[in-house]
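Please brief me on this model. Keep it short and group the points by topic.

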Amino acid sequence: MRDLVGDPELGLTPYGVPEGTQGPISWVHTSELADPTPFLEGGELLLTTGLMLGGAAWEEYVERLVGAGVAGLGFGVDVSHTGMPPELVEAASRRGLPLLAVPRRTPFIAISKAVSRALAADEYEDLRRTSRAQHELAGAAAGRRGLSGVVHKLASLLDGWVLLLDEAGTVLHSAPDGAGISVRELEPWLRRLRRGRGRGALVLELAEQWIGIQELGTRGGATLVVGRDSPFGTTDHHVINSTASLVTLALRQAETLWSARGRLHTAFLRTLLSGAPAWAALDDLGAEFPAWPVRVLVLHGSQPAEESLRLLEAESDGEEVYAAEYEGDVVALAPASANLPGRLGKRRDVRIGVSEPCGQDGLPTALRQARQAVAAASDGGGAVWFTELAGRGLLELLPAERAVGFAESLLWPLRGRDELLVSLRGWLAHNGQWDPAAKRLGLHRHTLRNRIRRVESLLGRDLDQAGVRAELWLALQLLDDAG
């Protein structure tokens, strides 16, 4: 509207609401009807000479136009009416309707052409901006920073902030770093989008910001979130959609490459464990392998193997770590001096078994050690080193519930016979030697012999056999530990 008023060739004069000349115009429509609103969509500059109007009718006319959402009214003066009707000026001023006087020398078609040219120029500029933005985004995607560069470029183009989230709502990339809205505040809207199928998008006003959320339709359930202090225009939406397509393609390519790399790593590890020469193939693939000696790590967690592999990559901290899925386990080979087990050991969602350092020939043995160590790790997570197993003792390696059940079943015939249990424990503690055991228990050796024979009778076991003694000693220790 301001541009039209500023065009000297048109000679338009604003009336009543000069500040109204700031508003945008979507189109121009000419009508002499007393009620043209059935033919309007809103946002138009309506042109008329007032042929069918006059007197008190101006009030109702302006009321209808404002209700239809017109951008303004251009009145052709000195055609049907001499000058600008005072009643029209008063009604337009009262209702806040921008009113322009169109001189007789200016045909309405000239205004229509001016608006048409301006809209075409706007559309062309939008296309240029979109094209330029797409070119810059593609350059960022091909750059060294990859997706992080794309996210930062989009934030710069929108003059706002951008978040790239995974399925769990974890921030993969953000720009500016640490900027944006709390993911917790977005959670209801993220859940709403995920209930649908395929890609979905929405724009909302939240925390005094305009926010766009777009699902990317990747297997990992990634979501692009953008925000700023002002609404998004048409070009902004084009740029956001272009970025979403670019990021989706990059993520899908990354998923494909990740899957292929995982299969190659597994195949190479299997070949390496079999003792076959495989280094030439590894060099051809350009894969990095830690220098010998290495430690083998086996990870057990509640998450899928792929998530554990990504965890290893994230926690590598620049150290060369070779990770693969092997026979149902997630296996990693890390430099013997690496602190990877220490970093992983702080997590509660994964158990880690760590082998002794080994060379290439000792890799199968190290894998067996790591598997034995992870089997001894507690459900609460943490790292267990193979060298710790000997210091833990046999009892700590046994499954608690099954072990106590075995002990109670074996010793059930002695239940409630405390003197027999005490005598059996003391006799076994002295390796079946009668005199030292009797002295320790404060019994005559014949009394101790009688009690042990009574134990044999109740249990139906021969206590002269070393294996029977070992089972009874283990059962007594388990019951003591169980309280």
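In which loop does Asn431 lie? Asn431 sits in the loop between α15 and α16 (434-441). The model is predicted. The points below cover a sheet and its helices, salt bridges, a helix pair and some backbone features.

**Sheet**

- Five strands make up an open sheet with mixed pairing. Their order is β1-β5-β4-β3-β2.
- β1 (13-15) and β2 (27-30) are the edge strands, and each pairs on one side only.
- On average, neighbouring strands of this sheet are turned by 25° against each other, direction ignored.
- β2 and β3 (residues 44-48) run parallel and are joined by four bridges.
- Within this pairing, Val28 stands opposite Leu45 in β3.

**Helices on the sheet**

- Helix α3 (residues 86-95) packs on the sheet. It touches β1, β4 (72-76) and β5 (99-102).
- The direction of α3 makes about 150° with that of β5.
- Helix α4 (residues 108-142) lies across β2, β3, β4 and β5. Its run is at about 160° to β2.

**Salt bridges**

- The whole structure holds 15 salt bridges.
- One of them joins Glu63 and Arg95, with the closest N and O atoms 3.2 Å apart.
- This pair links distant parts of the chain, 32 residues apart. Glu63 belongs to helix α2 (residues 57-68) and Arg95 to helix α3.
- Glu63 is partly exposed, at 39% relative accessible area. Arg95 is also partly exposed, at 33%.
- Arg371 forms a salt bridge with Asp329. Here the closest N and O atoms are 2.7 Å apart.
- Arg371 lies in helix α11 (residues 363-375) and Asp329 in strand β13 (residues 329-335), so their bridge ties together parts that are 42 residues apart in sequence.
- Arg371 is partly exposed, with a relative accessible area of 26%. Asp329 is buried, with a value of 10%.
- Why does Asp329 count as buried? Its relative accessible area is 10%, and buried means under 20%.
- Arg461 and Glu471 meet through their side chains in a salt bridge of 3.0 Å, N to O.
- Arg461 is in the loop between α17 (445-459) and α18 (466-482), while Glu471 is in helix α18, so the pair ties together parts 10 residues apart in sequence.
- Arg461 is partly exposed, with a relative accessible area of 31%. For Glu471, also partly exposed, the value is 31%.
- Asp35, Glu60 and Arg64 are linked in a network of salt bridges.

**Helix pair α15 and α17**

- Two packed helices are described by the angle between their axes and the distance between the axes.
- The axes of α15 (residues 418-429) and α17 come within 9 Å. They cross at roughly 105°.
- α15 is therefore roughly perpendicular to α17, a term that covers 65 to 115 degrees.
- On the α15 side, the contact residues are Glu419, Leu420, Ser423, Leu424 and Trp427.
- They meet Leu448, Arg451, Ile452, Arg454, Val455 and Leu458 in α17.
- The residues of this contact divide into seven nonpolar, one polar and three charged.

**Cis peptide bonds**

- The peptide bond from Ala175 to Pro176 is cis, and omega is near -15°.
- Pro176 lies in the loop between β7 (171-175) and α6 (183-194).
- Trp292 and Pro293 are joined by a cis peptide bond, with omega about 0°.
- Pro293 is found in the loop between α8 (279-285) and β11 (294-301).

**Positive phi**

- Asp159 has phi near 55°, a positive value in a residue other than glycine.
- Asp159 has its place in the loop between α5 (147-158) and β6 (161-165).
- Is Asp159 buried or exposed? Asp159 counts as exposed, because its relative accessibility is 69% and the cut-off is over 50%.
- Asn431 has a positive phi near 55° and is a residue other than glycine.
- Asn431, in the loop between α15 and α16, counts as exposed at 58% relative accessibility.

Definitions and conventions: Residues numbered from 1 in each chain as written. Predicted model: local features only at pLDDT ≥ 70, side-chain atom pairs only at ≥ 80, totals over all residues. Heavy atoms only, no water. Pairing = 2+ DSSP bridges. Helix = DSSP H or I, 4+ residues; strand = E, 2+ residues; numbered from the N terminus. Axes fitted to C-alpha atoms, helices over the stretch in contact; angles between N-to-C directions. Contact = heavy atoms within 4.5 Å. Salt bridge = Lys/Arg side-chain N within 4 Å of Asp/Glu carboxyl O. Buried < 20%, exposed > 50% of the residue type's maximum accessible area, 1.4 Å probe, protein only. Parallel < 35°, antiparallel > 145°, perpendicular 65-115°, else oblique. Nonpolar A, V, L, I, M, F, W, Y, C, P; charged D, E, K, R; others polar.
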